[in-house]
Amino acid sequence: MSRTSRRKLLSAVFVGFCALSVLIALVPLAFVLFFVVSEGIQSLNVDFFRNMPKPVGESGGGMANAIVGTLMVTGLGSLFAVPIGILSGVYMSEYAGTRFAAVARFAADTLNGVPSIVIGVFAYGIAVLPFKQFSALAGGLALGIMMIPIIARTTEELLLLVPGTMREGALALGATRARAVFSVVLPSALPGIITGVVLALARIAGETAPLLFTAFSNRFFTTKLNQPVATLTVMVYTYAISPYKDWHRQAWAGALVLIFIVLVCSLLARFATRRLEGMQAR
Amino acid sequence: MTSGADTPGLSAAPSGRDAHRGAAERPIKIGVTNLSFFYGDKRALHDISIDLRANVVTAFIGPSGCGKSTFLRTLNRMNDVIPKARVEGTVNIGGRDIYGADVDVVELRRRVGMVFQKSNPFPKSIFDNVAYGLRINGMVKSRSQLAGAVEKSLRGAALWDEVKDRLHDSAMALSGGQQQRLCIARALAVEPDVVLMDEPASALDPIATQRIEELIYQLKRDYTIVIVTHNMQQAARVSDTTAFFWLGKLIEVGPTATIFTSPREKLTEDYVTGRFG
Amino acid sequence: MTAPVPGRKKASRGLVATDLGFRLGTGLFATMLVALVVAIGFELSRQSMLTIEKFGLNFWRTEVWDPVAGQFGALPFIWGTLYSSILALIISTPIALGIAVFISELCPDWLKQPLVFLTELLAAIPSIVYGLWGIFVLVPAVRAFESSLPAVLRQLPLFSGPPVGVGMLSAALILAVMVVPFSSSVAREVLKSVPGAQREGAYALGATRFEAIRAALFYARTGIVGAVMLGFGRALGETMAVTMVIGSTPKVSLSLFAPQDTMAGVLASQFTEADTELYLSALVEIGLVLFIITLIVNSMSRLLIWSMARSERSSTPVVAAEPVEVTA
């Protein structure tokens with residue numbers, strides 16, 4: 001019997017370890033959230049959202065330009081990433097068995113795995129060097145490149161989930177393949193695709209590395225696309241590594257805003273998918 | 001384990017009546033009293049009482065969804081892995097209720113083995129599959145003992161001759177029928193008293209099915225067999241005792257020959273004559 | 001006899017044309033995916049030609065990185081990247097697998113969704129936020145830990161050096177935190193694909209919980225290795241959080257306390273300061289190698305995961321020459 005009780009002990013220890021690892025993983029999460037909220041909330045005021053960065057020593061500086069800048073680069077990125085992503089997702093799902101679709105899928109996954117800083121270097125070579133200046137466009141390019149594979153794979157997976165009968169129904173009524181896909185299949189997967197796009201946006205809104213030398217930064221407010229532009233993430237970075245306490249406080253505030261964006265988008269996406277599943281089940 | 005005084009010279013599958021002649025006199029291996037099974041609030045089994053006797057093949061028959069597999073799984077507490085499962089009543093094995101407190105489920109499952117509908121060999125070699133139960137239960141002390149035990153089980157499952165030269169090949173390379181016999185060998189290796197079989201041949205072709213049925217007949221010499229089957233002819237061929245289930249209730253149990261020729265209940269008669277099911 | 005239905009031939013050719021157009025049209029966009037990957041590799045190679053030609057392989061063997069003097073040795077960066085990623089892997093893998101097993105095998109139903117959400121949240125926190133927290137919370141804590149280490153341990157090369165807080169240990173810790181949700185969710189997916197019959201088979205033989213789960217893990221071993229490798233790939237490319245806590249000092253050191261640097265890190269901290277073509281080319285070459293390494297690691301891991309999915313699909317028993325008939 002001692003052997004069996006030893007085995008059972010081992011089993012209990014194992015179960016305990018697994019539960020413990022969940023707790024261990026949640027500790028940093030709680031820690032990070034706690035600090036960001038408690039430090040950030042102190043500095044989060046109207047000034048933060050309204051004001052421009054002030055020189056060191058002056059209080060009341062804000063990140064207004066950075067917030068707008070983040071909106072600009074993510075907007076630019078999604079402008080070309082969404083159509084490319086969705087349409088390549090359509091191809092990969094419609095022609096799923098072909099060799100080229102497999103190649104494309106591999107390319108998408110590869111692109112997904114490229115470190116964001118490397119994409120920044122690439123965008124620098126293509127969009128900054130030739131024009132000899134940093135720009136919001138370059139930043140948008142880098143972010144867009146990162147969005148494309150995410151949207152493509154999400155679209156592909158969602159389209160594959162649409163039952164074949166729907167496609168066949170349209171074709172049987174005389175629709176061309178293009179029409180069947182765009183008028184029937186895609187719309188039915190659209191809510192999920194939009195969710196995927198929102199999640200991708202949330203993810204790249206939090207990216208810093210690819211912007212460090214594409215959009216760079218800007219102390220001033222600008223909406224010009226061919227000028228460097230401040231972004232929330234780069235600003236948080238710059239402030240965080242600076243020696244000034246006031247800037248550190250603003251960095252926490254910026255981090256809080258970032259987390260808020262991410263949290264809101266995640267919750268929205270979860271809520272949306274659950275409603276989707278409820279609707280489709282009916 | 002009683003190895004009953006079997007009728008000598010009987011090499012083919014016996015006719016139901018002959019085989020059962022001894023069955024009613026065999027000791028009770030598993031005594032089930034008023035067993036009900038609940039899945040959440042839903043009751044799946046209603047007050048089942050039945051005696052499963054040693055060295056006898058008992059078949060559970062009935063239409064799909066009537067609870068025969070669920071009932072089979074209560075006999076080795078496999079339903080414990082389902083989160084909302086609840087059992088009322090008693091299942092007595094060796095004088096103890098297996099649902100009582102202090103029952104070692106791990107040891108129970110070693111003594112009451114199970115073979116599944118779809119063979120599920122581990123992605124290891126043939127040898128390692130059979131050795132698995134022996135290893136985790138610490139039943140052998142030396143390498144040669146292990147090899148001997150593996151050979152014995154494979155012989156017991158009528159598979160030895162086919163695999164003795166390739167024991168270390170992957171089990172996944174065997175045919176469906178061979179994989180199922182491997183799963184039987186794997187179950188036999190831990191020296192159970194009872195072997196529960198949940199539709200063991202339903203995924204197999206006729207030839208493989210026949211081999212499994214022959215095997216069952218041989219096995220009952222040393223083990224108590226309970227087999228769930230949706231194939232009535234199979235029940236008639238291999239079992240000594242048959243129990244008919246319907247909608248979670250045990251309708252009738254008795255000698256196989258009687259159940260199929262002159263059952264007591266009308267419901268039983270309707271089922272075995274094919275009027276429904 | 002087969003006089004075509006009037007107008008039909010034209011319509012069918014039109015149909016084909018549109019289908020072809022559809023295929024080519026969407027295919028064009030799919031090609032862009034491939035083109036991007038190729039373009040990245042190409043552009044990075046082009047921009048780093050200068051140092052590739054000038055230094056050759058010595059670039060990766062030299063330890064001295066002194067841009068002012070024109071000395072570019074990238075060994076410290078590849079060392080720092082590998083060391084930090086491997087350490088992170090050692091720390092994160094048991095925890096990630098523990099989480100994956102807990103959520104998929106041990107967790108009560110009502111707890112599953114919240115836990116999955118929390119792990120996704122962990123993955124969704126931007127790297128810069130981890131970095132910020134790293135600088136102001138983790139590093140001081142690590143510094144305190146380093147200071148409190150008994151002197152006898154400090155003699156070991158692993159713990160040598162002044163306790164500054166920033167360094168390999170902080171980097172490894174923060175990387176581990178970021179990699180855990182990643183490999184854990186992939187491992188969870190892999191475990192989900194293990195057929196329940198495998199666990200049931202083990203239970204039916206009298207296995208304990210641990211033994212049955214072990215059987216499932218064994219079945220999924222290829223996929224799990226793939227999941228762990230994906231985590232490794234992620235760690236290799238992580239930039240901001242690591243840069244902010246590792247100390248940005250190009251140095252090859254075994255010590256956990258020593259400030260060091262990674263490939264991604266040096267790109268983040270020095271790229272905008274590159275004032276000569278040689279300097280820029282050196283940095284881009286580092287980016288190129290980072291690109292190649294992550295490409296290899298990620299491809300291998302996806303191959304592993306894919307091959308497991310494929311073998312699981314074909315694991316249904318091989319039927320011999322006997323005809324398969326469904327017995328009534």
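**Entry 1: helix 11, chain C**

I listed the buried residues of helix 11 of chain C: C:Met263, C:Ala264, C:Gly265, C:Val266, C:Leu267 and C:Ala268. I am working from a predicted model. The helix spans residues 263-270, and six of its eight residues are buried. I therefore note helix 11 of chain C as largely enclosed by the rest of the structure. For this call I took a residue as buried if 20 or more other C-beta atoms lie within 10 Å of its own.

**Entry 2: sheet in chain B**

I then turned to chain B. I found an open sheet of six strands there, in the order 6-7-8-3-9-10. Its pairing is mixed. I looked up the edges next: they are strand 6 (112-115) and strand 10 (249-255). Each has a single partner strand, so one side of each is left without a neighbour in the sheet. From one strand to the next, I read an average twist of 20 degrees.

Strand 7 (residues 194-198) and strand 8 (residues 224-228) of chain B run in the parallel sense and share five bridges. In this pair I noted B:Asp198, which stands opposite B:Val228 of strand 8.

**Entry 3: domains of chain A**

Last, I looked up the domain assignment of chain A. It gives domain 1 as 2-43 and domain 2 as 49-281. I noted 32 Å between the centres of the two domains, taken over C-alpha atoms. Seven residues from domain 1 and seven residues from domain 2 make the contact. On the domain 1 side, I sorted the touching residues by class: three are nonpolar, three polar and one charged.

Notes. Residues numbered from 1 in each chain as written. Chains lettered and ligands numbered in written order. Predicted model: local features only at pLDDT ≥ 70, side-chain atom pairs only at ≥ 80, totals over all residues. Domains from an automatic or database assignment. Contact = placed C-beta atoms within 7 Å. Nonpolar A, V, L, I, M, F, W, Y, C, P; charged D, E, K, R; others polar. Buried ≥ 20, exposed ≤ 12 C-beta atoms within 10 Å, placed from the backbone. Helix = DSSP H or I, 4+ residues; strand = E, 2+ residues; numbered from the N terminus. Pairing = 2+ DSSP bridges. Axes fitted to C-alpha atoms, helices over the stretch in contact; angles between N-to-C directions.
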